[in-house]
Amino acid sequence: MLEELAEAPALKRVADALRERFGDAVLETVYERKELSFRLGARDLPAVLEFLKTGHDFNALNDMIGLDRLAPPGEGRKRFEILYQLYRFSDHRRARVVVEVGLSESVPSIVSLYGSADWAEREIFDMFGIRFEGHPDLRRIYLAEDFSGHPLRKDFPLEG
Amino acid sequence: MAFKEIELNMGPQHPSTHGVLRLKLRVDNEVVTSVEPVIGYLHRGMEKLWESQTYAQIVPMTDRLDYLAALSNNLGYVLAVEKLMGLEVPKRAQYIRVALVELQRLASHLAWVGFMANDIGAMSVLLYAFEDREAVLDIFEAYCGARLTVHGIRIGGVPFDLDETVAGMIRRVLDETPKKLADIEKLLNDNRIWLHRTRGVGVISAVDAVDLGLTGPALRATGVPWDIRRDLPYSSYEDFEFDVPVRTGGDVYDRYLVRLEEIRQSLRIVRQALDRLPPGPHLAKVPRLLKVPPGEVFHTIEAPKGELGFYIRANGTERPERVKMKSPSFINLQSLERMSKGYLFSDVVGILGSLDIVLGEIDK
């Protein structure tokens, strides 16, 4: 699918620059349905996002999405995914950064980079139980503090 | 006499929070030093529920998110599914959708200006605004039988064609609304109390607004001219002529002016959609039980409250693996603290009102 990226030169430049700067840290680049996404290890996340924000003008974080795959496809894939939807106003392009997270692992917080990540990280913590290192005030946002479990995990029952 | 900082609770049943929102405020004398919104009172676990529903069953559930703009929610979700399936929607359906969601924006903004004025103490505006909004809800009722939770958009198109009766009702609203807007403006624009309570209150800079992810009229009031209808057009918005109102003050008053001007632009768009309504079917041929090919998609629209997005991960079955909704009110509410710090306690009501939040959408 990556050949199609040639039709979107602005995004191709971003993909090339990222690979040049970070090399093998970019585990996978996908271009599908005109959406560009990069897959990374959680450790490289802050540096890559800062590079995209300051170097390539992706100054808005539209959304953060958590995902539980329970039984991830393929060898060595981890259970959870967190997706960062980035946007730049100058030419109205989007990019998505994906990190995989294991059950007992945490992810670096990016609140200092994007203010809108504050509540988004709290929501993912609430729904999936994924911890964000360095978040200023990581606690549940929707559910009560004494609630046990994380509802959007696939092993959380739909009915009580 | 020295005062010390005190903590105040507003809500979850305070009338100006419009639903069940609680604000934990700290005030130094009358000046706000911190605001912490406490949400989740209306949390229904929508996203969890959606994982157990078929793609078509989710559409009516989206009505219950932003219940003042049900059609916009329908459209946001349906467009994401259609993008995932690569489904071509008939041109006529696209135009009817545009007409419906622009009427919805009109209704939503009118409800907003009414509530907002009411919060600040100008009761009469609410009565005028709701009269107009009522006419729009009558149109929805004539179109699909429901007024609030309308389920008026389907995967592949719209459930009904636009007949002459409904078109006539829409044209009447297009003719009447500008006069009524003028009435509202007469009541507010030069009203000393209104100006005093809104001008220079709740100011946020463009840089802060982008950092906090603010979208919609609140963002455009800070001078960032971002409107998804124009910048990433969907549902044939590229066929329509309209302006994107922008103000630079970033205060409550500018948010009001942006929304009022948006109502006028919505009227323009609806008129064009009616005049140029293309012939053809209003619904694409879609199998009764949709199986969506595996893949992922993130699609957003310009809802009345801001950028409304849906992320869908499909696994090839008739049910989604994950649906995540990007709720504009959730993101916008986050900026309440930065907007309110340093202003008077009584201004928090106006600043919160100016964000135009709906708790159904925040709590999901």
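User: How many bridges join strand 2 of chain B to strand 3 of chain B?
Analyst: In this predicted model, strand 3 of chain B covers residues 31-38 and runs antiparallel to strand 2 of chain B. One of the pairings sets B:Val27 against B:Val32 in strand 3. The number of bridges joining strand 2 to strand 3 of chain B is seven.

User: Which residue in the turn between strand 2 and strand 3 of chain B has a positive phi?
Analyst: Strand 2 and strand 3 of chain B form a hairpin, with two residues between them. In that turn, a positive phi of about 55 degrees belongs to B:Asn29.

User: What is the bridge partner of B:Met10 in strand 2 of chain B?
Analyst: Strand 1 of chain B, residues 6-10, pairs with strand 2 of chain B, residues 22-28, in the antiparallel sense over five bridges. Within strand 2 of chain B, the bridge partner of B:Met10 is B:Leu23.

User: How many residues of helix 14 of chain B are buried?
Analyst: Helix 14 of chain B spans residues 347-355 and is mostly covered. Its buried residues include B:Val348, B:Ile351 and B:Leu352, and B:Asp347 is also among them. Just after this helix, B:Asp356 takes a positive phi of about 55 degrees. Of the nine residues in helix 14 of chain B, the number buried is nine.

User: Which element of chain B gives the most residues to the side that touches chain A?
Analyst: On this side, 29 residues of chain B are in contact with 25 residues of chain A. Elements of chain B that give two or more residues include helix 1 (46-50), helix 8 (206-211), strand 5 (306-314) and helix 12 (328-333). With four residues, the element that gives the most is strand 5 of chain B.

User: In what pattern do the helices and strands of chain A follow along the sequence?
Analyst: Chain A has three helices and seven strands. Read along the sequence, they give the pattern α-β-β-α-β-β-β-β-α-β.

User: What is the radius of gyration of chain A?
Analyst: The C-alpha trace of chain A spans about 50 × 35 × 25 Å along its principal axes. For 160 residues the globule rule gives 15 Å, and the value for chain A is close to this, so chain A is as compact as a globular protein of that length. The radius of gyration of chain A is 16 Å.

Note on methods:
Residues are numbered from 1 along each chain as its sequence is written. Chains are lettered from A and ligands numbered from 1 in the order in which they are written. This is a predicted model: local features need pLDDT of at least 70, side-chain atom pairs count only at pLDDT 80 or more; totals for chains, interfaces and linings use all residues. Two residues are in contact if their C-beta atoms, placed from the backbone, lie within 7 Å. Two strands pair if DSSP finds at least two bridges between them. The radius of gyration is taken over C-alpha atoms; the globule rule is 2.2 Å times the number of residues to the power 0.38. A residue is buried if 20 or more other C-beta atoms lie within 10 Å of its own, exposed if 12 or fewer, and partly exposed in between; C-beta atoms are placed from the backbone.
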